[in-house]
Amino acid sequence: MGAWDLLLVGLVLLLGLCGVLLPGVPGSWLVWAAVLWWALKEPRPIAWWVLVGATVVLFLSQVVRWALPPRRLRPGGPDGRLLAYAGWGSFLGFVLLPVLGAVPGFLAGGYLYERLRLGRRREAVAALRSAMRSGGWSLLTELFTCQLITAAWVGAVFWG
């Protein structure tokens with residue numbers, strides 16, 4: 001697979017990661033489709049192992065999301081800035097404390113936004129708790145899954 005093809009796959013993965021945070025964009029399916037595209041064009045067996053792993057992890061993610069309370073992000077709920085802060089926090093946490101840092105990073109990013117918006121710690125914690133109950137856990141599950149798949153792809157491309 002050439003460098004341009006890898007760049008395009010990486011861009012689709014990035015679009016999928018951002019799409020998880022945007023309503024109406026099928027982020028996890030874009031991530032899976034990018035890995036499928038890469039596996040179909042890559043002749044090495046590791047590409048197929050990454051695709052199988054991505055499929056299994058996405059399936060398990062869906063099971064976890066179905067097991068969570070059936071709450072969805074409402075239009076009056078968390079706004080785009082909260083999701084952007086939480087997404088960046090999750091990304092930074094994933095990079096700084098590999099894999100495990102994504103969850104506290106997501107929560108810290110959401111808290112930071114609420115603290116800047118509301119000013120007080122108690123109000124920020126209450127607003128973050130409300131946002132997580134209204135669908136934030138489902139969003140975090142999907143984002144974390146897509147980050148795992150993207151990290152597996154990056155690892156396979158550079159070190160596989």
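1. Tyr111 and its surroundings. In this predicted model, Tyr111 is in contact with Arg121, Ala124, Val125 and Leu128, once its neighbours within four places in sequence are left aside.

2. Helix H2 against helix H6. The axes of H2 (residues 27-41) and H6 (residues 121-159) come within 9 Å and cross at roughly 20 degrees; this angle is under 35 degrees, and the two helices are therefore roughly parallel to each other. The crossing in which H2 passes H6 is left-handed. On the H2 side the contact is made by Gly27, Ser28, Val31, Val35 and Trp38, and on the H6 side by Glu142, Cys146, Ile149, Thr150, Trp153, Ala156 and Val157. Of these residues, eight are nonpolar, three polar and one charged.

3. Helix H3 against helix H6. Here the axes of H3 (residues 45-67) and H6 come within 10 Å and cross at roughly 175 degrees, an angle over 145 degrees, so that H3 and H6 are roughly antiparallel to each other. From H3, the residues Ile46, Val50, Ala54, Val57, Leu58, Ser61, Val64 and Arg65 meet Ser138, Thr141, Glu142, Thr145, Ile149, Ala152, Trp153 and Ala156 of H6. The residues of this contact divide into ten nonpolar, four polar and two charged.

How values were computed: Residues are numbered from 1 along each chain as its sequence is written. This is a predicted model: local features need pLDDT of at least 70, side-chain atom pairs count only at pLDDT 80 or more; totals for chains, interfaces and linings use all residues. Side-chain values use heavy atoms; hydrogens and water are left out. Axes are lines fitted to C-alpha atoms, for helices over the stretch in contact, and angles run from 0 to 180 degrees between N-to-C directions. Helices (H or I, at least four residues) and strands (E, at least two) are DSSP runs, numbered from the N terminus. Angles under 35 degrees count as roughly parallel, over 145 as roughly antiparallel, 65 to 115 as roughly perpendicular and the rest as oblique. A crossing is left-handed if the near helix is turned anticlockwise from the far one by less than a right angle, and right-handed if clockwise. Contact means heavy atoms within 4.5 Å. Ala, Val, Leu, Ile, Met, Phe, Trp, Tyr, Cys and Pro count as nonpolar, Asp, Glu, Lys and Arg as charged, and the others, Gly among them, as polar.
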